[in-house]
Amino acid sequence: MSINGVPISETPASKNYTMTSPLFNMRSKVIVVTGGAAGIGYATAALLVSQGAKVAIANINQTKLDEAEAELRAQCKEGGEIMATLVDVRSRADVDGWIEGVVKKWGKLDGAVNMAGIIPKCIFTERVEDLNDEDWQLVIDVRASSSACFFDALLGIGRLDR
Ligand SMILES: NC(=O)c1ccc[n+]([C@@H]2O[C@H](COP(=O)([O-])OP(=O)(O)OC[C@H]3O[C@@H](n4cnc5c(N)ncnc54)[C@H](O)[C@@H]3O)[C@@H](O)[C@H]2O)c1
């Protein structure tokens, strides 16, 4: 691979950074990740645990959660740890209980990733103007409304710096 004809390993950026672990100093950082059992949330959690972070993933699907927990545990390096909790991000009680549990277990919170989300069932089968209200409301509830109780819990129970 090259950039403007310069091999990537020869660029100034490459020379200043090593590509061996750990890429980032995440050792002892505590990070919570919603939607952490699949997709972008899972990939984020995998990178973080491999760089030494303590990562708490939350997901609505127990089967996916169990599989992800086992896979992520195998990827923990540099002191990285994984904790998996069944959470529906639309539920304030679920989110509060999860964040409380993380702070109780690891004593602090350094960062948060909100990646839980869904794609409406109709998106590949209907035209945009045919999106039904029920599916649309579900998408909004999971992505937008849940953010309010997630960040509320982080700032309150999690005492994440504002
Ligand atoms: N992947 C992409 O290219 C892309 C592009 C643009 C936007 N997005 C958006 O980013 C978000 C994440 O995308 P992804 O590709 O990682 O999706 P994904 O489906 O692979 O992962 C999302 C995870 O969120 C979980 N989830 C759904 N509802 C939940 C709930 N109520 N509580 C807890 N967990 C819940 C799902 O079980 C799933 O494990 C989605 O909102 C998606 O629409 C993704």
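Modeller: Helices (H or I, at least four residues) and strands (E, at least two) are DSSP runs here, numbered from the N terminus. This is a predicted model, where local features need pLDDT of at least 70, side-chain atom pairs count only at pLDDT 80 or more, and totals for chains, interfaces and linings use all residues. Residues are numbered from 1 along each chain as its sequence is written.

Colleague: Where is phenylalanine 24?

Modeller: Phenylalanine 24 is in the loop between helix H1 (12-16) and strand E3 (30-34).

Colleague: Why does phenylalanine 24 count as partly exposed?

Modeller: Because phenylalanine 24 has 13 C-beta neighbours inside 10 Å. A residue is buried with 20 or more other C-beta atoms within 10 Å of its own, exposed with 12 or fewer, and partly exposed in between, the C-beta atoms being placed from the backbone.

Colleague: And how far apart are the C-alpha atoms of phenylalanine 24 and leucine 48?

Modeller: They are separated by 8.9 Å, with the two residues 24 apart along the chain.

Colleague: Other topic. Which residues come nearest to the ligand?

Modeller: Gly35, Ala38, Gly39, Ala116 and Gly117, out of 23 residues around the ligand. To be near, a residue needs its C-beta atom, placed from the backbone, within 6 Å of the molecule or strand.

Colleague: Which element gives the most to that shell?

Modeller: H2 does, with three residues. Helix H2 (39-50), strand E4 (54-59) and helix H5 (133-155) each supply at least two.

Colleague: What about alanine 70?

Modeller: Alanine 70 is in helix H3 (residues 62-75). It counts as exposed because it has 11 C-beta neighbours inside 10 Å.
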